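Please look at the following model before reading on. The questions below go through some of its side-chain contacts one at a time.

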Amino acid sequence: MAPKIFLTGATGYLGGDILFALNKAHPDYEISALVRNSEKGAPVAAAFPKTRLVYGGLDDSQLIEDEAARADIVIHTADASDHKGAAEAIARGIAKGHSKENPGFWLHISGTGILTWDDSRTETYGEPPYTKPYDDLERVSDLTNLPDDAFHRDVDKVVLEAASDVVKTAIICPPTIYGEGRGPGNKRSRQVYVLVESTLKNGQAPQLGRGLTEWDNVNVHDLSDLFVLATEAAVKNKSDVDDKLWGKEGYYLAENGHHVWGEISKLVGKTAFEKGYIKEKEAKAMDVEEAKKVAGFEALSWGLNSKGFAKRARKYLGWSPKGTSLEEEIPNIVEGEAKRLAQTTFITPAEVNLAMKLNMDSSFENPAVYLSGPGQASIKESPLPNITDSHSVHFWKHGGIINKVSEANPLIMGHEASGVVHSIGSAVTTLKVGDRVAIEPGRPCRRCKPCKAGRYNLCPSMKFAADPPDSHGTLRKFYEIPEDFCYVLPPDMGLDEGVLVEPTAVAVHACRLAEVKVGIDVVIFGAGTVGLLCAAVAKAMGARKVVSVDVNESRLEFARGFASTDTFLPGSGDTAGTIATQLNTAYFTKGADLVLEATGVESCIGAGIQVLKRGGTYVQVGLGKQRIQFPIVSLSEKEINMKGCFRYNAGDYDLALHLLGGGKVRVKDLITSVKVFEDVTEAWETTARGEGIKTLIRVGGV
Ligand SMILES: [Zn+2]
């Protein structure tokens, strides 16, 4: 009868590779694989049709117990070193289904993180080893008697205590594993891969402390060979070496080489540099906190010692590893990680504290603020963006938006955004990972007549952020955008100021349409963000007098300090005519040269036309009601140049950034407060109540 194997972790990196190797060596073995659901099982069934799928998770103790009872050999790889419940279920199952005459075998994976207990206790990172390397042959009892506070030790103990004539156990303890997995699921290992990923993302290889720690390594193909040999030994159940293979002495290290982590960092840096992925060849030494920030808890292993010699498998299983070395594999790992990262261009808006918070609970990969109705905003998971092209706090009370969103069709909000480049597509040449950028939040088709004529803001196929029904906004952790719609911020400009490049570009567009010239007199209706920025931009372009009009005196007070030379507060009974008359009496003799109307309110539009001098220019910047009445005869008689204005166009972002960078427009003054992501509702409410000018929301981590 063919041996029955029960395997956990078939879609994982090591479990998948073991499944591959076992199938290749013994196509006749009857293998059952624990998979979480049919979706997870599909690739396993496709690659290994003979495999019997068992649906369940590590917490399904009864199921695991039953399968362990039925199997001749259990190969436990799924979270094996840390999931105590699953180990206990396996122990019970094997004991139940087997006898001294017909023992069950258990190949259990631990991890050489268990050897780092000494450094972990003293929180020593990056220092050379000061204890003797372990030896799984002559001093195997050191390994089976490690202290209780060592990583994985609690589960090791479950296995060691289960060992008997009925339950024959082998704990296999792999070090750093490398090489491409051949399984149906995850083909990528961790430690070195995360180090390479971090190098490519941050432009420099990380090194923990002095980088002198030593660790063992093994090629995944060699490691799978070890499992095949151990499985074969279980099938043969040879009595002469029984006590050497299983139970008290059945503890295996599985190295085929050793590395110094700092040397690996150096090699990764050099390789990535030579391949042109990064500009800094030398590794960057960092303390444990910084390392955790760049690469998470995986980074800790780079700073700990874990060294031993794998003699047992060589002696009693005839294991003779022949795969490529870690050092030989580094160029492949660098290429592979670069390729993987190139599949996505992510932008992450900035925040540190919140990122830590979100990472801690790790429930969302890409949290986003969805609006599903008036006043109904919530933070939910949104899909991680993918690169499809290799080149590549606003108000929820916007009438147009809330009419088009619903529970069924919620929309991610936000179109004013800055961020840090998280990864770039393979064809991207003008940006690198880590660049801080302002984001232009619309994607024109690039093909239509307006696009070709350089007026892409008029593109009928424009996909603009937070434009219902299906063009989602920027208020989330990761956002993907073509490189030519990113604008690198000057070194001394904050991401908070970067957010305000967007509304500044609106003002720049209006002022360019209006052809603002040196010495002209301007009236601006509205002293909200756009009105204020119009005032500042008009001033920067040379306007002589800038009069801001608003019904809110506190805004006008702010306007006087920010950019306007004068302000005007209309009374409650004022009509278009009386507003115009009062403005002219107070500030102009023959009328203003230019009106920028940023309210969309009928009386302001009327007043704007009436306050203009003959031949003056009027630009409608704000949006209001669909239909309004205004003095069209006056418009004709004065031959007023009236223009519509929509968002911004080629060159507007560049000029906006220039004005901000040069200090000509001080957007920092506009920022009332910066809220964290979770306080998004409060941020909106503050703004809706008319308190302050701009409330920013921070998302994600840098
Ligand atoms: Zn177009």
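Q: How many aromatic pairs does the structure hold?
A: This is a predicted model, in which local features need pLDDT of at least 70, side-chain atom pairs count only at pLDDT 80 or more, and totals for chains, interfaces and linings use all residues. Residues are numbered from 1 along each chain as its sequence is written, and side-chain values use heavy atoms, with hydrogens and water left out. Rings of Phe, Tyr and Trp (its six-membered ring) pair if their centres lie within 6.5 Å; planes under 30 degrees apart count as stacked, over 60 as edge-to-face and the rest as tilted. The number of aromatic pairs in the structure is eight.

Q: What kind of pair do tryptophan 215 and tryptophan 261 form?
A: A pair of aromatic rings is described by the distance of the centres and the angle of the planes. For tryptophan 215 and tryptophan 261 the centres are 6.2 Å apart and the planes stand at 70 degrees, so the pair is edge-to-face.

Q: How many residues apart in sequence are the parts that tryptophan 215 and tryptophan 261 tie together?
A: Helices (H or I, at least four residues) and strands (E, at least two) are DSSP runs, numbered from the N terminus. Tryptophan 215 belongs to strand β10 (residues 214-219) and tryptophan 261 to helix α11 (residues 261-274), so the parts tied together are apart in sequence by 46 residues.

Q: Are tryptophan 215 and tryptophan 261 buried or exposed?
A: Buried means under 20% relative accessible area, exposed over 50%, and partly exposed in between (1.4 Å probe, protein chains only). Both tryptophan 215 and tryptophan 261 are buried.

Q: Which residue lies over the face of phenylalanine 464?
A: A charge sits over a ring if NZ of Lys or CZ of Arg is within 6 Å of the ring centre and within 35 degrees of the ring normal. At 3.6 Å from the ring centre of phenylalanine 464, the residue over its face is arginine 647.

Q: What is the geometry of the site of the zinc ion?
A: Donors are N, O and S atoms within 2.8 Å of the metal (3.2 Å for Na, K and Ca); water is not among the atoms, so sites may look incomplete. Here the protein donors are Cys445 (SG), Cys448 (SG), Cys451 (SG) and Cys459 (SG), lying 2.2 to 2.4 Å from the zinc ion. Four donors count as tetrahedral if all angles lie between 85 and 135 degrees; four count as square planar and six as octahedral if opposite donors are over 155 degrees apart and all others between 65 and 115; anything else is irregular. The angles among the four donor atoms are 104 to 116 degrees, and the site is tetrahedral.

Q: Is cysteine 459 buried or exposed?
A: The relative accessible area of cysteine 445 is 24%, so cysteine 445 is partly exposed. Cysteine 459 has a relative accessible area of 6%, and is therefore buried.
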